[in-house]
Amino acid sequence: MSIKGAYINPNCDKTLSLCLHSCGIGIFTENFCHGPNIRSEYIIHYIIKGKGFLETPEGVFPFGEGDIFCIYPGEVIKYCSDGVVCDFGFINFVGTDAERIYSAIRITRQKPVAHINCDSIIEPIRQCMYYLKNTDSPSQLRLNSFLLEALSYMEYKPKTKSKDIYIDRGIAYMKYHFGTDISIDDIADAAGIEKSYFQKLFKEQIGVSTISYLNGIRIKKAKELIASGIEFKSVAVAVGINDVYYFSKLFTKTEGITPSAYRKNLKRGQ
């Protein structure tokens, strides 16, 4: 698919949480300069090749190959190529959550340029252009899918130590599956490492055993359910424990009080 130009969403709605406004792929000539100008959208340019600078009320910010430069609505801006031809892609969007997107890619008014170095950004932009070009009544959800895919390549991802990845995977699995009868084997498999090593690593990093952490998640949820008035057997099942007597024993050991006493105390406090 080879396509260049700029395409606008004919049904863009600023009242939505997020809505694609327009997208495109183009070229800045070596003497190109845009502005001073004020835009009403959030605009992100990705520089495939070349260099230039963005001028905002906060200062002048150079950009080059692999960079994004971002524009806020309502600001007087100017951007120019710096004596060379620039190939770029851009995506514009609006919505009540639009500014929060900039936070996710570590962009601020004081730092509107970031080095991403990810040409994969261009593919969803290209697909979005093709879709707008060939669709009479475009789906806003489909357009936002292209927008979100492009933005996902820009999202700031802090470097994670390899050991932390295993812990994060295990915790995510427990938080999602605590309501089922999962085992340590299941958690270690989800983390992607051998069980005994995972348990050792988890204890070193978190300070408690894997089963203690899992039970902590379960008891925290159980307390919420008990407060809502659900019968204890249903509470036990909801947190992945099919034996209500074992659940009561675990709750008492963890909280120092039986589930029924906990509920009574809640009622007294009302």
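Select strand β2 (residues 19-28) together with β1 in this predicted model. The two strands pair in the antiparallel sense, and 4 bridges hold the pairing. To see one of these positions, pick Ala 6 and look across to β2, where its bridge partner is Gly 24.

Now widen the selection to the whole sheet. It is an open sheet of 6 strands, and walking across it you pass β1, β2, β9, β4, β7 and β10 in that order. The pairing is antiparallel. At the edges sit β1 (5-8) and β10, each pairing on one side only. From one strand to the next, the twist averages 15 degrees.

Show α2 (122-134). Helix α2 lies across β1, β2, β4 (42-49) and β9 (86-94), and its direction is at about 110 degrees to β2. Then show helix α3 (residues 140-154), which packs on the sheet and touches β2, β4, β7 (67-71) and β9. The direction of α3 makes about 55 degrees with that of β2.

Move on to the other sheet. Here 4 strands are arranged as β3-β8-β5-β6, again an open sheet with antiparallel pairing. Its edge strands are β3 (33-38) and β6 (59-64), which pair on one side only. The average twist from one strand to the next is 15 degrees. Zoom in on β5 (residues 51-56) and β6: they run antiparallel and are joined by 6 bridges. Select Lys 51 and you will find Gly 64 of β6 opposite.

How many disulfides does a search of the whole structure find? There is 1, and it joins Cys 33 to Cys 80, with an S to S distance of 1.7 Å. The torsion about the S-S bond is about 40 degrees, so this disulfide is right-handed. Cys 33 is in strand β3 and Cys 80 in strand β8 (residues 76-81); the pair is 47 residues apart and links distant parts of the chain.

While you are in β3, look at Pro 36, which also has its place in that strand. The peptide bond between Gly 35 and Pro 36 is cis, with omega of about 5 degrees.

Two loop residues are worth a stop. Arg 106 is in the loop between α1 (98-104) and β10 (113-115). Its phi is positive, about 60 degrees, although Arg 106 is not a glycine. Asn 117, in the loop between β10 and α2, has a positive phi of about 55 degrees and is not a glycine either.

Finish with the helix pairs. Select helix α4 (residues 162-177) and α7: their axes are 9 Å apart and the helices pack at an angle of about 35 degrees. The crossing of α4 past α7 is right-handed. Display Ile 171, Met 174 and Lys 175 on α4, then Thr 210, Tyr 213, Leu 214 and Ile 217 on α7, to see the contact. These residues divide into 5 nonpolar, 1 polar and 1 charged.

On the α7 side, show Asn 215, Ile 219, Ala 222, Lys 223 and Ile 226; they meet Phe 247, Leu 250, Phe 251, Thr 254 and Glu 255 of α9. By class, this contact has 6 nonpolar, 2 polar and 2 charged residues.

Methods:
Residues are numbered from 1 along each chain as its sequence is written. This is a predicted model: local features need pLDDT of at least 70, side-chain atom pairs count only at pLDDT 80 or more; totals for chains, interfaces and linings use all residues. Side-chain values use heavy atoms; hydrogens and water are left out. Contact means heavy atoms within 4.5 Å. Ala, Val, Leu, Ile, Met, Phe, Trp, Tyr, Cys and Pro count as nonpolar, Asp, Glu, Lys and Arg as charged, and the others, Gly among them, as polar. Two strands pair if DSSP finds at least two bridges between them. Axes are lines fitted to C-alpha atoms, for helices over the stretch in contact, and angles run from 0 to 180 degrees between N-to-C directions. A crossing is left-handed if the near helix is turned anticlockwise from the far one by less than a right angle, and right-handed if clockwise. A disulfide is a pair of cysteine sulfur atoms within 2.5 Å.
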